[in-house]
Amino acid sequence: MDKSSIIGLVVGIIAIFIGMILKGIHPSSLNNMAAILIIILGTMASVTIAFPTNELKKVPALFKILFSEQKMMNMADVIKTFSNWARISRSEGILALERELENIEDKFLKDGMEMAIDGKSPDYIRDVLLAEIELMEERHKAGAQIFSQAGTYAPTLGVLGAVVGLIAALSDISDTEQLGYAISSAFVATLLGIFTGYVLWNPFANKLRRKSKQEAELKMLMIEGIISIIEGENPKSIEKKLSYFLPADERVKFLNEREESKNEQE
């Protein structure tokens, strides 16, 4: 489970309710079915019009991605794996890595290593795998855009809901006591529109983009590792080159640990 998504959602809801209470507004004021229908169904309708059915079918899967932790290989572990493979390849030949294929769970990495073992050129492998990353990013971009567009539509629909509420409130101004209540109820739609747009949909879109970027970076590391093995680079050189995919502090820690490990082995 992705804790940051859960925590952010809970904190956002709590902030709204506590803020309302501090302003002297009872949370029951949000129980406005007309506003809820305009915002929720209106946003759903707008998104449905904006995107083809084959992309909308992926929305449940996108929610699963948002609220579950990505099952990605650790970059440092991947670098260590390439270092080990480089050692095997240099001593026994690249064909010796064929026995390692059955232990590879990541399909992208497995496909790349199979091409390397089959003798495909580095340029060919790079082009094929980069094309796969590009297509993956396009799919992820389409998913993130669904939420991004929802974040654009919801606040505007909130204004629409407020206008509808004001029309209803001003249609009968003889009862001044009810007029104030009707006007305040009209702005519930605006509140819900802004809340869902800027606390839910736009942050969801950003989370999907960030997860896509992390996955693409890992795959880029794999490409460089595969090419390095084909070109016969030594393990230490591969470790240093691939370590630049790590954040600066993690890179220093990783290289120091590898150096200490080698000194202990010697």
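Mentor: In this predicted model, A50 is found in helix α2, which covers residues 33–50.

Trainee: Why is α5 called roughly antiparallel to α10?

Mentor: The axes of helix α5 (residues 75–92) and helix α10 (residues 235–242) come within 8 Å and cross at roughly 155°. Because angles over 145 degrees count as roughly antiparallel, that crossing makes α5 roughly antiparallel to α10. The crossing of α5 and α10 is also right-handed.

Trainee: How do you know that the side chains of R99 and E92 meet in a salt bridge?

Mentor: The distance from N to O is 3.1 Å for R99 and E92, and the definition asks for a nitrogen of Lys or Arg within 4 Å of a carboxyl oxygen of Asp or Glu, so the pair of R99 and E92 qualifies as a salt bridge. R99 itself counts as partly exposed, at 45% relative accessibility. A search of the whole structure finds 6 salt bridges.

Trainee: What makes the separation of D111 and K107 about one helical turn?

Mentor: D111 and K107 are 4 residues apart in helix α6 (residues 107–117), which means that about one helical turn separates them. Their side chains meet in a salt bridge with an N to O distance of 2.8 Å. K107, at 58% relative accessibility, counts as exposed, whereas D111, with a relative accessible area of 22%, is partly exposed.

Trainee: Why is K219 called buried, whereas E215 counts as partly exposed?

Mentor: Buried means under 20% relative accessible area, and K219 has 12%, so K219 is buried. E215 has 23% relative accessibility and therefore counts as partly exposed. The side chains of E215 and K219 meet in a salt bridge at 3.9 Å, N to O, and since E215 and K219 are 4 residues apart in helix α9 (residues 188–230), about one helical turn separates them.

Notes:
Residues are numbered from 1 along each chain as its sequence is written. This is a predicted model: local features need pLDDT of at least 70, side-chain atom pairs count only at pLDDT 80 or more; totals for chains, interfaces and linings use all residues. Side-chain values use heavy atoms; hydrogens and water are left out. Axes are lines fitted to C-alpha atoms, for helices over the stretch in contact, and angles run from 0 to 180 degrees between N-to-C directions. Helices (H or I, at least four residues) and strands (E, at least two) are DSSP runs, numbered from the N terminus. Angles under 35 degrees count as roughly parallel, over 145 as roughly antiparallel, 65 to 115 as roughly perpendicular and the rest as oblique. A crossing is left-handed if the near helix is turned anticlockwise from the far one by less than a right angle, and right-handed if clockwise. Buried means under 20% relative accessible area, exposed over 50%, partly exposed in between (1.4 Å probe, protein chains only).
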